[in-house]
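Thank you all for making the time this morning.

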Amino acid sequence: MANTEISIGDPAALQRTVESYLQNFGSNVSGALSEALDEVGKEAVKKLKATSPQKTGAYAKGWRFKRQVKGKGGFQAIVYNARRGQLTHLLEYGHPLVSDGKVVGQAKSESHIGPVNEWVQSELPRRFAQKVQK
């Protein structure tokens, strides 16, 4: 908003102007967060597809990003595996190998979600701050 002059004898004009500035600021912050979430979420999916175990390729191809409205004007961003979601924990942390009801070994863990999660945790605040400053 441009410079605004308000008469000292018009408190209603001051209130309207301050409310307008605050509403504009809130809208800009919300837009910046939305943009940053979309960018980082889509990049997280690319990273997960590239670093996921590739035995058949179906698991790695299953990564998706979506944003859902949550409550009053809020939203949440979710990165998930749509094809083989039940494997995420087993592959990330390993699991016992069972044959005929007996444990015969341990499948090794293939940490691929943790590093991407750490990247998202550091990258999202950085991108958000960049966008708010513009």
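Let me begin with E43, which is partly exposed, its relative accessible area being 29%; please keep in mind throughout that this is a predicted model. The side chain of E43 meets that of R127 in a salt bridge, with 2.9 Å from N to O. Since E43 belongs to helix α1 and R127 to helix α4, the pair ties together parts that are 84 residues apart in sequence. R127, for its part, counts as buried, because its relative accessibility is 11% and the cut-off for buried is under 20%.

R127 also forms a salt bridge with E123, at 2.7 Å from N to O, and here both residues lie in helix α4, four residues apart, which is about one turn of the helix. E123 is buried as well, with a relative accessible area of 10%. Through salt bridges that share partners, E35, E39, E43, E123, R126, R127 and K131 are joined into one network.

Another pair in this region is E39 and K131, whose side chains meet in a salt bridge of 2.9 Å, N to O; E39 sits in helix α1 (residues 11-51) and K131 in helix α4 (residues 113-133), 92 residues apart. E39 is partly exposed at 30% relative accessibility, whereas K131, at 17%, counts as buried. Over the whole structure, the search finds seven salt bridges.

Key:
Residues are numbered from 1 along each chain as its sequence is written. This is a predicted model: local features need pLDDT of at least 70, side-chain atom pairs count only at pLDDT 80 or more; totals for chains, interfaces and linings use all residues. Side-chain values use heavy atoms; hydrogens and water are left out. A salt bridge is a side-chain nitrogen of Lys or Arg within 4 Å of a carboxyl oxygen of Asp or Glu. Helices (H or I, at least four residues) and strands (E, at least two) are DSSP runs, numbered from the N terminus. Buried means under 20% relative accessible area, exposed over 50%, partly exposed in between (1.4 Å probe, protein chains only).
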